[in-house]
Amino acid sequence: AALLGFVIAAVSPAVVVPGLLDLQERGYGVAKGIPSVVIAAASFDDVLAISGFGICLSLVASTAISGGGDGGGDGGGDS
């Protein structure tokens, strides 16, 4: 569930940046620097989403490789 959450949380820079640059050219929010702040926040959000996805994916992969999790496998040992 966390992997899907991080995928959905990512903001597309291809949508955000051109829209905010257009608003900036029209003069909306330029005096307060709003377009620059929103672009920076979207970039930071993408970094967090990519990092979170990578961490969760590595945890899932290491659990699957080590045989941990829901009790799959025979548990090793000599029976």
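Phenylalanine 6 sits in helix α1, where helices (H or I, at least four residues) and strands (E, at least two) are DSSP runs numbered from the N terminus. The model is a predicted one, in which local features need pLDDT of at least 70 and side-chain atom pairs count only at pLDDT 80 or more, while totals for chains, interfaces and linings use all residues. Residues are numbered from 1 along each chain as its sequence is written, and side-chain values use heavy atoms, with hydrogens and water left out.

With a relative accessible area of 29%, phenylalanine 6 is partly exposed; buried means under 20% relative accessible area, exposed over 50%, and partly exposed in between (1.4 Å probe, protein chains only). Not counting residues up to four places away in sequence, phenylalanine 6 touches Leu48, Ala49, Gly52, Phe53 and Cys56, contact being defined as heavy atoms within 4.5 Å.

Helix α1 covers residues 2-9 and helix α3 residues 34-66, and the two pack at an angle of about 160° with their axes 9 Å apart. Here, axes are lines fitted to C-alpha atoms, for helices over the stretch in contact, and angles run from 0 to 180 degrees between N-to-C directions. Helices α1 and α3 are therefore roughly antiparallel to each other, given that angles under 35 degrees count as roughly parallel, over 145 as roughly antiparallel, 65 to 115 as roughly perpendicular and the rest as oblique. The crossing of α1 and α3 is left-handed, that is, the near helix is turned anticlockwise from the far one by less than a right angle, with clockwise giving a right-handed crossing. On the α1 side, Ala2, Leu3, Phe6, Val7 and Ala9 take part, and they meet Asp45, Leu48, Ala49, Gly52, Phe53, Cys56, Leu57 and Val60 in α3. Sorted by class, this contact of α1 with α3 has 11 nonpolar, 1 polar and 1 charged residues; Ala, Val, Leu, Ile, Met, Phe, Trp, Tyr, Cys and Pro count as nonpolar, Asp, Glu, Lys and Arg as charged, and the others, Gly among them, as polar.

Helix α3 also packs against α2, at an angle of about 170° and with the axes 9 Å apart. The pair α2 and α3 is therefore roughly antiparallel. From α2, Pro13, Val16, Val17, Leu20, Leu21 and Gln24 meet Pro35, Ser36, Val38, Ile39, Ala42 and Asp46 in α3. The class count for α2 with α3 is 9 nonpolar, 2 polar and 1 charged residues.

Alanine 42, in helix α3, is buried, at a relative accessible area of 14%. Its C-alpha atom is 7.4 Å from that of proline 13, 29 residues apart along the chain. Leaving aside neighbours within four places in sequence, alanine 42 is in contact with Val11 and Val16. Valine 38, likewise found in helix α3, is partly exposed, with a relative accessible area of 36%. Valine 38 and valine 17 are 21 residues apart in sequence, and their C-alpha atoms are 9.0 Å apart in space.

Between α2 (13-26) and α3 comes a loop that holds tyrosine 28. Tyrosine 28 counts as exposed because its relative accessibility is 52%. Apart from its neighbours within four places in sequence, tyrosine 28 is in contact with Leu23 and Pro35.

For the protein as a whole, the secondary structure comes to 3 helices and 0 strands, running α-α-α from the N terminus on. Of the 79 residues, 10% count as buried. Among contacts with a separation of 6 or more, 65% are between residues 24 or more positions apart. The accessible surface comes to about 5800 Å², of which 68% belongs to carbon and sulfur atoms; accessible areas come from the Shrake-Rupley method with a 1.4 Å probe, and for residues only the protein chains shown count as cover.
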